[in-house]
Amino acid sequence: MNILVTGSSGFVGTALVNALLAAGHRVTGISHQPGTIDHQAYEAITADTSAPGDWQQAVPRADAVINLAGINIFSRWNEKYKQLIYDSRILTTRHLVGALPEDAAGLVFCSTSAVGYYGDRGDDILDEASAPGTDFLARVCVDWEKEAFAAQKKGARVVATRFGVVLGPGGGALAKMLPAYLMGMGGPLGSGNQWFPWIQIDDLVSAMMFVLENEAIKGPANFCAPGAVRNRQFSASLARTVKRPAFFKVPGVVMKVAAGEMGGLILNSQRARPAVLLENGFSFQYPDIDAALTASVGKGE
């Protein structure tokens with residue numbers, strides 16, 4: 001297949017592109033930065049996908065489009081940064097759909113979303129049919145998916161992949177968490193009772209390839225492990241993995257003072273379940289948090 005990937009130089013994008021190339025696909029990667037992938041079947045395009053441009057000429061050549069583009073949310077937000085979060089996702093998706101051929105039958109369009117779609121839901125078990133939340137990230141996800149599903153009007157099979165927190169070596173969420181834990185200063189956030197939806201990056205890559213190949217899958221799909229844990233359980237597991245204590249509980253008020261609105265949303269509880277993947281026969285390599293963290297941290301040390 002000819003596969004186009006936006007956000008190709010990011011943490012998830014790099015892992016996914018390498019896996020696609022290893023599987024024999026031809027890949028066009030579009031990103032703000034050229035990245036480091038060097039392969040005869042890989043074409044890199046450097047562009048700002050939140051603006052229309054020559055990069056869109058690559059879209060009609062694709063058999064599949066995987067949309068990973070979006071500015072990192074893990075920063076202190078102000079109104080300008082929130083607009084960048086929104087535009088990098090919504091406008092990129094709009095421009096991708098606009099560049100698809102009018103008859104896109106047979107094309108699969110996998111567009112990233114997030115379990116943040118559900119907002120703060122306490123102990124509710126959340127499958128793909130659950131209602132959206134109302135906070136900023138939930139509204140971003142709702143609009144993001146709306147733009148993606150517009151590709152259905154052109155005949156494309158659309159899958160909105162709602163990511164949990166992605167765990168893997170050398171980047172992503174763990175790159176931000178590990179320094180504190182390695183210094184023995186890690187611990188639960190807020191009460192620690194909130195559910196923490198996660199997925200190991202090898203499973204995320206496998207799930208994406210599973211979705212590409214499985215024509216029965218369409219609509220939203222939760223990309224999170226079935227072994228849901230609370231934040232305090234995740235913290236304890238990460239501390240065991242790096243052989244450090246986890247005594248430093250971070251009060252919710254400190255999170256909100258330190259990181260503002262984004263800090264408050266980190267405390268949201270989402271007990272997401274990957275119903276669509278499981279019902280279609282996907283098998284997780286890392287359904288358990290201990291094994292996932294061992295694979296992720298161990299490879300990174």
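This is a predicted model: local features need pLDDT of at least 70, side-chain atom pairs count only at pLDDT 80 or more; totals for chains, interfaces and linings use all residues.
Helices here are DSSP runs of at least four residues, numbered from the N terminus.

Start with threonine 92. It sits in helix H2, residues 79–99. Is threonine 92 buried or exposed? Its relative accessibility is 1%, and the cut-off for buried is under 20%, so threonine 92 counts as buried. Its side chain makes a polar contact of 2.9 Å with the side chain of threonine 49. The threonine 92 side chain also reaches the backbone nitrogen of serine 50, at 3.4 Å. Beyond four places in sequence, the residues that threonine 92 touches include Trp55, Asn67 and Asp87.

Look at one pair: S1, residues 2–6, and S4, residues 64–67, run parallel over four bridges. There, isoleucine 3 has alanine 64 of S4 as its bridge partner.

Now helix H3. What should the 14 residues of H3 span? At 1.5 Å a residue, 20 Å; the end C-alpha atoms are 20 Å apart, so the two agree. Aspartate 135 caps the N-terminal end, with a side-chain oxygen 3.2 Å from the backbone nitrogen of leucine 137. Among the buried residues of H3 are Phe136, Leu137, Trp144 and Glu145.

Key
Residues are numbered from 1 along each chain as its sequence is written. Side-chain values use heavy atoms; hydrogens and water are left out. Helices (H or I, at least four residues) and strands (E, at least two) are DSSP runs, numbered from the N terminus. The expected span of a helix is 1.5 Å times one less than its number of residues. Buried means under 20% relative accessible area, exposed over 50%, partly exposed in between (1.4 Å probe, protein chains only). A polar contact is a pair of N or O atoms within 3.5 Å; within protein, one must be able to donate a hydrogen and the other to accept it, and residues adjacent in sequence count only if both atoms are side-chain atoms. Contact means heavy atoms within 4.5 Å. Two strands pair if DSSP finds at least two bridges between them.
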